[in-house]
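Here's a quick briefing to read alongside the model. Keep the sequence and the 3D view open as you go.

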Amino acid sequence: MSSTTTTTTQIAIEGSPGTKQPKQTTEITHTSNSPAGLSACGTGGYPIPGIPKFNDPFKKRQWQLEHMAGAFRVFARKGYTEGSAGHISVRDPVDPNTFWINPLGVHFGMLKASDMVHVNEEGQVIGGNKVAVNAAGFMSRSAIHKARPDINAACHAHSPAGKAWSTFGRPVEILNQDSCIFVGIQRVYNTFGGVVLEKEEGERLAETLGQDGRVAILQNHGLLTAGSTVDEAAYLLTSLERTCEVQLMVESTGIPKIIVGDKEAEYTAKVNADPETLYYEFQPDFEYEIWKSRGELSKGI
């Protein structure tokens, strides 16, 4: 969702010293090509940077891998690790029929761009870091990527609140402003088939997401999110995990809830839930990981 936004600022100009020239005003116009959501959130007459554009797909690949590594480190810092469970996959911009996934059994907090593994549609390693990958991760991701060309990245984690809320087999409720981003895009996958090792299980998961779903509550399992960038998918997961946590806190009080109205929730989602805004929302966490990494991570541009 993009638009050209024009901001007009009125500035008072004092008359020259020693004269009786009256105070005047002038207008300065700033034109921004920022997405509508970002333009609505930013002030000061300057555009907020959105998703960078690349003419070279190899440069875009490296940019994605850096952001992928950063997303894993954010997940580690927030406590989403559980043994070797959890994964992120990213569609390769050079060969869109292949994708990148994390190596099996490496702690999220240790991952770098150079650790990622390049696999084909059959799950065979074809490049990058040539080591074993998570078979369950491949089976679920391959089906989603095939079914949804608009999805370039998908994240899955066994995060604590997500696992807890998943036992109810219910979507999160729109209890506050932050949860409004899930209006119309959340799904519940009610069929828990154990560890996803069969192709059919991944296909059923893709069917559950449908044509416009981007987040899923996996009953008795955890959370899954998807987006046009790894940043979007990662932010959706961090936000969904926090939303599950808040929902559990609210449920524990037993006090009647007031749900955000449909009209207000839809308006908020329109402003805050477009891919560019969700990408931007992830940047503070990502840049903090770059700062902490002492040179192991970069922005990739």
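Predicted model: local features only at pLDDT ≥ 70, side-chain atom pairs only at ≥ 80, totals over all residues.

Residues are numbered from 1 along each chain as its sequence is written, and side-chain values use heavy atoms, with hydrogens and water left out.

**Salt bridges**

- Searching the whole structure turns up 17 salt bridges, each being a side-chain nitrogen of Lys or Arg within 4 Å of a carboxyl oxygen of Asp or Glu.
- One of them pairs E276 with K53, at 3.8 Å from N to O. That pair links distant parts of the chain, with E276 in helix 8 and K53 in the loop between helix 1 (36-41) and helix 2 (57-77), 223 residues apart.
- Helices here are DSSP runs of H or I with at least four residues, strands are E runs of at least two, and both are numbered from the N terminus.
- E276 is buried at 13% relative accessibility, while K53 is exposed at 69%. For these labels, buried means under 20% relative accessible area, exposed means over 50%, and partly exposed is in between (1.4 Å probe, protein chains only).
- E296 and R73 also form a salt bridge, at 2.6 Å from N to O. This one links distant parts of the chain too: E296 sits in the segment after helix 8 and R73 in helix 2, 223 residues apart.
- In that pair, E296 is partly exposed at 42% relative accessibility, and R73 is buried at 8%.
- E82 bridges to K163, with their closest N and O atoms 3.2 Å apart. E82 is in the loop between helix 2 and strand 3 (87-91) and K163 is in helix 4 (residues 160-166), so the pair ties together parts 81 residues apart in sequence.
- Both of these residues are partly exposed, E82 at 42% relative accessibility and K163 at 30%.

- D274 sits in the loop between helix 7 (262-272) and helix 8 (275-293).
- D274 is buried but has no salt bridge, and the nearest side chain of opposite charge, R214, is 8.1 Å away. For charge, Lys and Arg count as positive and Asp and Glu as negative, with His and the chain ends not counted.
- The D274 side chain does make a polar contact of 2.6 Å with the side chain of T277. A polar contact is a pair of N or O atoms within 3.5 Å; within protein, one must be able to donate a hydrogen and the other to accept it, and residues adjacent in sequence count only if both atoms are side-chain atoms.

- Helix 5 (residues 199-209) has E201, G202, L205, A206 and L209 buried. They cover an arc of only 140° around the axis, so they lie on the same side of helix 5; the arc is that of the directions from the helix axis to the C-beta atoms.
- After helix 5 comes G210, with a positive phi near 65°.
- Helix 6 (residues 230-253) has 24 residues and should span 34 Å at 1.5 Å a residue, which agrees with the 35 Å between its end C-alpha atoms. The expected span is 1.5 Å times one less than the number of residues.
- G254 follows helix 6, and its phi is positive, near 75°.

**Cysteines**

- The disulfide count is zero, going by a cut-off of two cysteine sulfur atoms within 2.5 Å.
- C180 is buried at 1% relative accessible area, and C244 is buried at 0%.
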